[in-house]
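Q: I'm new to this one. Could you take me through the place where the two chains meet, slowly and in plain words?

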Number of protein chains: 2
Amino acid sequence: MDDVAAKAGVSRALVSLVMRDSPRVSSHNREKVLAVAADLGYRPNMAARNLATGETKTIGVMLNDIHNPFFTAIAEGASTAAGEAGMQLVMSSGWLREAGETEAIEMLLGMRTDGLLLASPRLSDVTINEFATQAPTVILGVWGRWENLDSINNDEQHGAELIVDHLVGLGHTRIAHIAGNLPAGGQQRRAAFAEAMVARGLAPIIIDGDFNEESGYEGAGVLMSLNEPPTAIFAGNDLSAIGVLSRLHEMGIRVPDDVSVVGYDDTNIAGISAVSLTTVHQPREEIGFIATQMLLERIAGRTDDRHEDLEPRLVVRQTTGPATNS
Amino acid sequence: MDDVAAKAGVSRALVSLVMRDSPRVSSHNREKVLAVAADLGYRPNMAARNLATGETKTIGVMLNDIHNPFFTAIAEGASTAAGEAGMQLVMSSGWLREAGETEAIEMLLGMRTDGLLLASPRLSDVTINEFATQAPTVILGVWGRWENLDSINNDEQHGAELIVDHLVGLGHTRIAHIAGNLPAGGQQRRAAFAEAMVARGLAPIIIDGDFNEESGYEGAGVLMSLNEPPTAIFAGNDLSAIGVLSRLHEMGIRVPDDVSVVGYDDTNIAGISAVSLTTVHQPREEIGFIATQMLLERIAGRTDDRHEDLEPRLVVRQTTGPATNS
DNA sequence: TGCAGCGATGAAAGCGTTTACATAGTGGAT
DNA sequence: ATCCACTATGTAAACGCTTTCATCGCTGCA
């Protein structure tokens, strides 16, 4: 900074003003300083600025799993909202491991991002509430007892009902669910499914999994080897539905002729014609966008907790069809 | 920090030593300090530490497009390598826009990450070489005249030959390529394709696109409306191949009966049974892993440039088949 | 008894900014 | 000439840590 000031023939203070583009600088000097800075490759040291101002103009995003297009879409929405507010995004992924998430969040907290956006963390309520005391936080995709943070969620109840109704309407009665694994969410999706089934007098078939392809793949294998295999499978999310499709395909089981498959999230994979997965739509970019706006409000000083619920919508494609009587 | 020192009844210096887990601290005091720190929710301020030490123990990763599973796989490999070396990863995405990439890199440079990993940037050679003077840099996925940085690449020449040979072997002669858009790469893949075709006495059909679904979708539409449409389409990467498949499906064109489709990268989408895309395999995680190791070496002081070339391998699945005589 | 070595201390400088403040120079309007 | 608004300057403190250095008390060993 000294170098720039010297070479531009102005004071350090002025350079500082220019770098923060303050309006109280003559355009003449502004340009001069910027030119010299570019020439010298000078770039303000964010660490120093951060130390001095106490803010980083950065929001930290922890994504449950960067492999899942659902989360990258959320990141995209977040990026847009942050950009509009002149903020940067720092992303980190939990890599589907609890320890990975903790590390990622610790890092973000360590770098003192102005806020924290947690996309479907698998940590416990308690842990998350604790993190939330350290920085303005918005969490999305999981239900829990939140304190001191905003949340934005999908109405799991309704989503599960949409799916069950759709399948029941097609004549299915043996419907299975490959559940995902999100402790903090209190297994809402799984519970909602069970409830919806029971409410219709049907027995919920549920096996454990995780929100990835492997567990869909494994789960489908398990389910189809039952004495009375299900005629429809509701996977925890699109990714695991893809796994289910692969396994069924390998087993020579036709979809939807023999078995119907439903996902959740409506990621772009679901829309591919070759896949054409029936799923529940969630406005992904919008979720990220709104969540970030809520976070910005919180950073700006809002202190009351806000909890938003988004209505899911069923998208019927070609992986669901009438049940075969067997 | 003062608070922790006070509450633990030790000096600030000692707390500092503990936080950096220096061996010169008695285990008694270490535990005590750690306990107090956890209790108080104290976490060293990275900005301050960074200012004092001049290093961040962080490597910045700029991904061409976070939506593309190819890049997230690379990030995963990078994360593993970084983790082993006690470093953190900060990711940012270029969102397929040049300005987005510049911003992302500027941010990483601003936060003074110890190194820069650029995954298929679309910026010009000149720009990238300039950035590389500011921090140890490794670039991957693009060919260019690099100075002062390491690179790791795919042998495009060979990859294109594999594809062309495969298709020609199936009897195809009208083979089209939907090119991607990476200025710095000098359009290597496109050139390699053209060369391979010409070498076999065939006319290369090439249209412009970008490495995403949309451009595959658009491109397929354009290609199939030609008077003499191609019998095989080589998309720039898997993502755009997916777009091609969708468009063909919509147009009622059967794959591979009417038209064969080939991708590039062998992302996990390609492997889905429902898609089963013939493509060229690249060891994604490994690329990220190796690139990060090279970067770590560079950070550690190596100054000579290293350029690695990885051999591609054709994975034949079900989107390619014999050419129909038409 | 003396000495080495270890663990700990306290003080102080430094990292690169921002920020507040007091000061000063330059026109232009009055 | 006088005054004001505007732009710029110089200084100094502060941000929260690391690092160095001289010092010190303790333990155990020769």
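A: Let's start with one pair: Glu106(B) forms a salt bridge with Arg43(A), and their closest N and O atoms are 2.1 Å apart. A salt bridge here is a side-chain nitrogen of Lys or Arg within 4 Å of a carboxyl oxygen of Asp or Glu. Across the interface of chain B and chain A, the rule finds two salt bridges.

Before going on, some ground rules. This is a predicted model, where local features need pLDDT of at least 70 and side-chain atom pairs count only at pLDDT 80 or more, while totals for chains, interfaces and linings use all residues. Residues are numbered from 1 along each chain as its sequence is written, chains are lettered from A and ligands numbered from 1 in the order in which they are written, and side-chain values use heavy atoms, with hydrogens and water left out.

Back to the interface. There are also 17 residue pairs in polar contact across it, both residues at pLDDT 80 or more. A polar contact is a pair of N or O atoms within 3.5 Å; within protein, one must be able to donate a hydrogen and the other to accept it, and residues adjacent in sequence count only if both atoms are side-chain atoms.

How much of each chain takes part? Chain B puts in 40 residues and chain A puts in 40 residues, where contact means heavy atoms within 4.5 Å. Between them the chains bury about 3,900 Å², with 59% of it on carbon and sulfur atoms. Buried area is the accessible area (1.4 Å probe) that two parts lose on being put together, summed over both. On the chain B side, Arg43(B), Met91(B) and Trp95(B) supply 17% of the area buried against chain A, more than any other three residues.

Now for how the copies are arranged. The same surface serves both copies, as 100% of the contact residues of chain B recur in chain A.
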